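Look at the sequence and the structure below. The report that follows covers a helix, a core and some salt bridges.

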Amino acid sequence: MTIEELAKEYQAQYKTVCAKMDGLKPLLCIYTGNDLLLLRRKIKMYYDMACECKRVASILLNYYEEEQYD
């Protein structure tokens, strides 16, 4: 697997996690109490995962560009 292919995998995972978050967002208007707290924690976890996937994909895509400057 090349670095570009790995970056594409991270980008695909980013899109998957974002889709999961989008599916949970409407429930924020329905849930209350402890259920709402648990839902917010789950969405926060997905958000953190999505940010990390996006960051790693960016690092991998720019890997060769940074190497040229060294």
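Which residues in α2 are buried? They are Leu36, Leu39, Ile43, Tyr46, Ala50, Cys53, Val56, Ala57 and Leu60. Buried means under 20% relative accessible area, exposed over 50% and partly exposed in between, with a 1.4 Å probe and protein chains only. Helices are DSSP runs of H or I, at least four residues long, numbered from the N terminus.

This is a predicted model, in which local features need pLDDT of at least 70 and side-chain atom pairs count only at pLDDT 80 or more, while totals for chains, interfaces and linings use all residues. Residues are numbered from 1 along each chain as its sequence is written, and side-chain values use heavy atoms, without hydrogens and water.

The largest nonpolar core has eight residues: Val17, Cys18, Met21, Leu24, Leu39, Ile43, Tyr46 and Ala50. Helices α1 (3-24) and α2 (33-61) each supply at least two residues of this core. Such a core is a set of buried Ala, Val, Leu, Ile, Met, Phe, Trp, Tyr and Cys residues joined through side-chain atoms within 4.5 Å.

The structure holds three salt bridges, each a side-chain nitrogen of Lys or Arg within 4 Å of a carboxyl oxygen of Asp or Glu.

| Salt bridge | N to O distance |
|---|---|
| Lys25 and Asp22 | 3.7 Å |
| Asp48 and Lys44 | 2.8 Å |
| Glu52 and Arg55 | 2.6 Å |

Asp48 and Lys44 are four residues apart in α2, so about one helical turn separates them. Glu52 and Arg55, also in α2, are three residues apart, about one turn of the helix. Asp48 is partly exposed at 37% relative accessible area, and Lys44 is partly exposed at 47%.
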